[in-house]
Amino acid sequence: MPPKAKITKDMIIDAAFEVARESGAENINARTIANRLNCSTQPVMYHFETIEELKKAAYAKADLFHTEYLMNVKKPQDGIMLGIGLNYIRFAIKEPHLFRFLFQSGFAAENSLLEMIDSEELMPVLSAMQEAMGMRMDQTKKVFLIIALFAHGYASIIANNSLEYDEALVASHLELAYRGAVLAAQEEEK
């Protein structure tokens, strides 16, 4: 009889990520992960003392996935800011369970958007914005906060099935919010 396949910590995290993606983080538990990996619950509990710990690991994987999704701007010629904002909203449409896990579950390490603005995970987004706008980082962060709140409002409403997505309308609103945020940041400098 061949030896049983070893279930690694990464395999468990990947399985938890997929459960969160397909049916929501509330469905991450030892039994659902074990069923997905075709094993007993023992390897899951061996690698993770608690399900909370496993959910945090799955959250970190989802956060990285989200950042990569945001940065994959299809038409950078239309503006990196607009592209990132639209990708944020598209993510809520295409990955509603992950969106809710990332932004509506309480698993974020930061307690607020103001704490998130200084997180290492956000630096790729902020750096791309800073380069595109030609502003100092403190100005970029101010613009980001306005756009993030605006985009998050749209994304949350859409992810919770309360609004049908109209990309042209959302893009025009996002563009107006962006222009207003940049103008406000520039006026503060005067």
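**Close-up views of a predicted helical chain**

**View 1. Thr67 counts as buried because its relative accessibility is 15%.** Here buried stands for under 20% relative accessible area, exposed for over 50%, and partly exposed for values in between, with a 1.4 Å probe and protein chains only. The model is predicted, so that local features need pLDDT of at least 70 and side-chain atom pairs count only at pLDDT 80 or more, whereas totals for chains, interfaces and linings use all residues. Residues are numbered from 1 along each chain as its sequence is written, and side-chain values rest on heavy atoms, with hydrogens and water left out. Thr67 sits in helix α4, residues 51-71, where a helix is a DSSP run of H or I of at least four residues, a strand is a run of E of at least two, and both are numbered from the N terminus. When neighbours within four places in sequence are set aside, Thr67 is in contact with Glu121 and Pro124, contact meaning heavy atoms within 4.5 Å.

**View 2. The whole chain has 10 helices and 0 strands.** The C-alpha atoms fill a box of roughly 75 × 35 × 30 Å along the principal axes, and 41% of the 190 residues count as buried. Among contacts in the chain with a separation of 6 or more, 63% are between residues 24 or more positions apart.

**View 3. Helices α5 (residues 80-94) and α6 (residues 96-104) pack at an angle of about 115 degrees, with their axes 5 Å apart.** The axes are lines fitted to C-alpha atoms, for helices over the stretch in contact, and the angles run from 0 to 180 degrees between N-to-C directions. On the α5 side the contact is made by Tyr88, Phe91, Ala92, Ile93 and Lys94, which meet Pro96, Leu98, Phe99, Leu102 and Phe103 of α6. These residues divide into 9 nonpolar, no polar and 1 charged, where Ala, Val, Leu, Ile, Met, Phe, Trp, Tyr, Cys and Pro count as nonpolar, Asp, Glu, Lys and Arg as charged, and the others, Gly among them, as polar. Because 13 of its 15 residues are buried, α5 is largely enclosed by the rest of the structure.

**View 4. Pro96, in helix α6, counts as partly exposed because its relative accessibility is 23%.** Not counting residues up to four places away in sequence, Pro96 touches Phe91 and Ala159. The C-alpha atom of Pro96 is separated by 7.9 Å from that of Arg21, although the two residues are 75 apart along the chain.

**View 5. The largest cavity is lined by Met81, Leu82, Ile147, Leu174, Glu175 and Tyr178.** The elements that give two or more residues to this lining are α5 and α10 (167-189), and α10 supplies the largest share, 3 residues. By class, the lining holds 5 nonpolar residues, no polar and 1 charged. A cavity is a set of points, on a 1 Å grid over the protein atoms alone, where a 1.4 Å probe fits but cannot get out, and lining residues have an atom within 4 Å of a point. About 30 Å³ of space lies in this cavity, the volume being the space filled by probe spheres set on the points, which are joined across faces, edges and corners.

**View 6. Gln139, in helix α9 (residues 137-159), is buried, with a relative accessible area of 9%.** Beyond residues up to four places away in sequence, Gln139 touches Ala185 and Glu189.

Methods. On a 1 Å grid over the protein atoms alone, a cavity is a set of points where a 1.4 Å probe fits but cannot get out, and a pocket is an open set with protein on both sides within 12 Å along at least five of seven lines; lining residues have an atom within 4 Å of a point.
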